[in-house]
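Please have the structure open while reading.

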Amino acid sequence: QVQLVESGGGLVQAGGSLRLSCAVSGRSISYYFMAWFRQAPGKERERVAARSDDGVYTYYADSVKGRFTISVDNAKNTMYLQMNSLTPHDTAVYYCAADPVSPSDYNLWGQGTQVTVSS
């Protein structure tokens with residue numbers, strides 16, 4: 001059974017940085033399109049960043065371009081989201097997701113990690 005487990009969330013001041021991790025167990029991360037989503041209270045879930053296993057396909061939401069970076073460490077079977085220059089608008093629960101076929105429709109999800117950015 002494939003499982004995704006996020007970590008690295010927390011409270012940070014505006015302008016600060018955080019790095020989220022998503023550890024994949026049960027199968028090699030190289031089989032999947034991987035993505036980060038977020039959902040703020042009262043808002044729809046938003047795809048923040050995504051990439052193919054080989055990195056040829058990458059996606060960033062306009063709201064995070066130039067500030068967030070998605071990466072994968074195949075040896076650790078882990079995906080990361082480096083978040084810099086954080087603002088209160090980045091406050092949300094962040095989820096990692098995986099799918100073997102599609103970069104836009106994901107069938108495997110983690111439990112989420114809270115990111116709170118104070119002003």
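## Strand E4 and its partners

In this predicted model, strand E4 and strand E9 (residues 92–99) run antiparallel and are joined by seven bridges. Within this pairing, Phe37 stands opposite Tyr95 in E9. Strand E4 itself spans residues 33–39, and six of its seven residues are buried.

E4 also pairs with strand E5 (residues 46–51), again antiparallel, through five bridges. Here Arg38 stands opposite Glu46 in E5. The hairpin of E4 and E5 has six residues between the strands, and Gly42 in this hairpin takes a positive phi near 80°.

## The largest nonpolar core

The largest nonpolar core holds 27 residues. Those touching the most other members are Met34, Trp36, Phe68, Met79, Leu81, Met83 and Tyr94. Two or more core residues come from each of strand E3 (18–25), E4, E5, strand E7 (68–73), strand E8 (78–83), E9 and strand E11 (113–118). In soluble globular proteins, nonpolar side chains tend to be buried together.

Phe68 is one of the core residues that touch the most other members. Leaving aside residues up to four places away in sequence, Phe68 touches Arg38, Val48, Tyr60, Leu81, Gln82, Met83, Asn84, Leu86, Asp90 and Tyr94.

## A second core

A separate core of six residues is also present. Among its members are Phe33, Ala35, Ala50 and Tyr106.

Definitions and conventions
Residues numbered from 1 in each chain as written. Predicted model: local features only at pLDDT ≥ 70, side-chain atom pairs only at ≥ 80, totals over all residues. Heavy atoms only, no water. Buried < 20%, exposed > 50% of the residue type's maximum accessible area, 1.4 Å probe, protein only. Helix = DSSP H or I, 4+ residues; strand = E, 2+ residues; numbered from the N terminus. Pairing = 2+ DSSP bridges. Core = buried A, V, L, I, M, F, W, Y, C linked by side-chain atoms within 4.5 Å. Contact = heavy atoms within 4.5 Å.
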